[in-house]
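Here's a quick look at one chain, from its overall surface down to a couple of side chains. Have the structure open as you read.

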Amino acid sequence: MDDEAWAIRYIEVATRNWWPGKKVLVSPAWIEGVSWMESKVSVGLSREAIKGAPEYVESAPITREYENQLYVHYGRPPYWLHDAEHKSSSSLAGV
């Protein structure tokens, strides 16, 4: 949770069913579907990409360095680039 922007930045994925299991993070922006009946969330990432993602350790803070590793690993543009574009276009609209 980003407490400044009031945005949910990540969801935790427990890969305990995959050997060896670990926790990883994915962006909610990558969610393609939710099945409440099956208790499943589908994301636009391969199982191998999730399995190979940098491990999420709950006791460690989420730093920009860790976020960079995530976005590079998944091959996705980081949210802060979009946020910066949005802020600059919003400030231009007020001119």
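The chain's accessible surface is about 7100 Å², and carbon and sulfur atoms hold 55% of that (Shrake-Rupley method, 1.4 Å probe; for residues, only the protein chains shown count as cover). Keep in mind that this is a predicted model, where local features need pLDDT of at least 70, side-chain atom pairs count only at pLDDT 80 or more, and totals for chains, interfaces and linings use all residues. Residues are numbered from 1 along each chain as its sequence is written, and side-chain values use heavy atoms, with hydrogens and water left out.

As for the fold, there are 3 helices and 4 strands, running β-β-β-β-α-α-α from the N terminus. These are DSSP runs: helices are H or I with at least four residues, strands are E with at least two. Of the 95 residues, 26% are buried.

Two residues are worth a side-by-side look (buried is under 20% relative accessible area, exposed over 50%, partly exposed in between, 1.4 Å probe, protein chains only):

| Residue | Relative accessibility | Class |
|---|---|---|
| W36 | 76% | exposed |
| E67 | 6% | buried |

W36 sits in the loop between β3 (31-35) and β4 (40-43).

E67 belongs to helix α2 (residues 64-74). What does E67 touch, leaving aside residues up to four places away in sequence? Y10, I62, Y79 and W80, with contact meaning heavy atoms within 4.5 Å.
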